[in-house]
Amino acid sequence: MSLRHSRSRLRSSALLSAVLAAALSLTLTATSPAAGGTGSDGAPAPAADAAPVAPAAVTFEDTFDGPAGSAVDGRKWQLETGDNVNNHERQYYTAGSSNAALNGQGQLVITARRENPNNYQCWYGRCEYTSARLNTAGRFTARYGHVETRMKLPRGQGMWPAFWMLGDDFGDVGWPATGEIDIMENVGFEPGTVHGTLHGPGYFGEGGIGAGYTLPGGRAFADDFHTFAIDWSPDRISWSVDGTVYQTRTPADLGGRQWVFNKDFFLIMNLAVGGFWPGDPDGSTRFPQQLVVDHVRVTTSDGPGAAGQISGLAGKCMDVAGANTGNGTPVQLYDCNGTAAQRWTRAGDGTLRALGKCLDATANGTANGTTLQLWDCNGRPNQQWAVSGARDIVNPAADKCADVTGSNAANGTRLQLWTCTGAANQKWNTPA
């Protein structure tokens, strides 16, 4: 097994037993509700019949709601315990809420500490660190869909957070025959880069098939939350960060080797300390370090969907103001420029997505003048959109259209909900 990707692809004995046992058994207020468009006679025109996209089913979700200090939901997750000699990691994974606890703000915090309160023994002697690793083996598996998490990563030499998947037949066929999908891995010496990788028979360790994604401008993944996802369908997996797809893999990438990803997989997330790939912590590493998880969600959407610009009034584009990924960022009209702030995906779950978030009607509003904004995707009706044959973008819950406020074609004009009129300020050219 190679050194670069030798994380516990060969599993800890605690998890192996668990797998075998399983096998056996903010919100912005609308500030200027300017008039929407009207028909040529001045009266609102009837809405065109829309052809809604069938909403995708949420098959697994954890938003980590609960009191601060409480443990994760045991119906969804199990915690592994023990060390990991296969990668020469330095931590001991603990049970309970010692290193994996809710923070009372809708987030899970996995904490790595330089400590050994219970005289844990590791492959190298007395353990120097504790951390946590969780999986859904025996509780949930997925076969295809949109698999995503929103996380804020730790920082520092020797830190190794990961969100990944293993084949549910691991207990029968072992690794690497079972297959592994690394949705996100980060090593501390690359603070602005994450990796997505496939491992399987004949392509594992350093021979894994994958690529990295680096944040622009020298930013680090520890500075803010980011959304890491795959869109997975038969013979195809695409990886994205904040909605930007950075690689797609198919059997054609394997050079004739076996594609083992058309079956059930379970989820894993962990924060390792040290190991062959990241190297050990050094004097610059500060503890404790935290991996903060905002949500984990799996839906039945089976592909990244059509993506591209959405153009409308005066040939201008639907745009996320300032390319800001913060919740509540206005969605506006702006000169088309080809940036990620104007790249929208018509996802299979009925949402319109940009920068890893969803087009959202502010505060679940349905009234004329409700402004449109960017917000975390949450599956609510105010984030559902249908594109009609007449080129309207309709929110079915409000029975209203995406509208350029006051038919004003100036850059920066806010978009809003308004009664569908058939006017030019409600017509959009969307990705096919």
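These legends describe close-up views of one predicted protein model.

Residues are numbered from 1 along each chain as its sequence is written. In this predicted model, local features need pLDDT of at least 70, side-chain atom pairs count only at pLDDT 80 or more, and totals for chains, interfaces and linings use all residues; side-chain values use heavy atoms, with hydrogens and water left out.

View 1. Helices (H or I, at least four residues) and strands (E, at least two) are DSSP runs, numbered from the N terminus. Of the 432 residues, 54% count as buried. Buried means under 20% relative accessible area, exposed means over 50%, and partly exposed lies in between (1.4 Å probe, protein chains only). The protein exposes about 16200 Å². Carbon and sulfur atoms supply 49% of that area. Accessible areas come from the Shrake-Rupley method with a 1.4 Å probe; for residues, only the protein chains shown count as cover.

**View 2. Strand 20 (residues 289-299) is mostly covered.** Ten of its eleven residues are buried. Two strands pair if DSSP finds at least two bridges between them. Strand 2 (residues 58-62) runs antiparallel to strand 20, with four bridges. Here Phe 60 has Val 298 as its bridge partner. Strand 6 (residues 108-112) is also antiparallel to strand 20, joined by five bridges. Val 109 stands opposite Val 292. Strand 11 (residues 145-152) pairs with strand 20 in the antiparallel sense over seven bridges. Glu 148 faces Arg 297 there.

**View 3. The largest nonpolar core has 50 residues.** Such a core is a set of buried Ala, Val, Leu, Ile, Met, Phe, Trp, Tyr and Cys residues joined through side-chain atoms within 4.5 Å. Leu 108, Met 165, Ile 181, Trp 232, Phe 261 and Met 269 have the most contacts inside it. Strand 19 (residues 265-273) gives the largest share, five residues. A second, separate core has 24 residues, including Leu 355 and Trp 385.

**View 4. Leu 108 touches residues from several places in the chain.** Contact means heavy atoms within 4.5 Å. Not counting residues up to four places away in sequence, its contacts include Phe 64, Val 72, Leu 134, Met 269 and Leu 291.

**View 5. Val 85 lies in the loop between strand 3 (78-79) and strand 4 (91-93).** Val 85 counts as partly exposed because its relative accessibility is 44%. Gly 275 is 190 residues away along the chain, yet the two C-alpha atoms are separated by 8.9 Å.

**View 6. Gln 373 sits in strand 27 (residues 372-375).** Gln 373 has a relative accessible area of 1%, so it is buried. Its side chain makes a polar contact of 3.4 Å with the side chain of Thr 362. A polar contact is a pair of N or O atoms within 3.5 Å; within protein, one must be able to donate a hydrogen and the other to accept it, and residues adjacent in sequence count only if both atoms are side-chain atoms.

**View 7. A disulfide joins Cys 317 to Cys 336.** A disulfide is counted when two cysteine sulfur atoms lie within 2.5 Å. The protein has four disulfides by this rule. In this one, S to S is 2.0 Å. The link is right-handed, with 95° about the S-S bond. Cys 317 is in strand 22 (residues 317-320), and Cys 336 is in the loop between strand 23 (331-334) and strand 24 (344-346). Cys 317 counts as buried because its relative accessibility is 0%. Cys 336, at 32%, counts as partly exposed.
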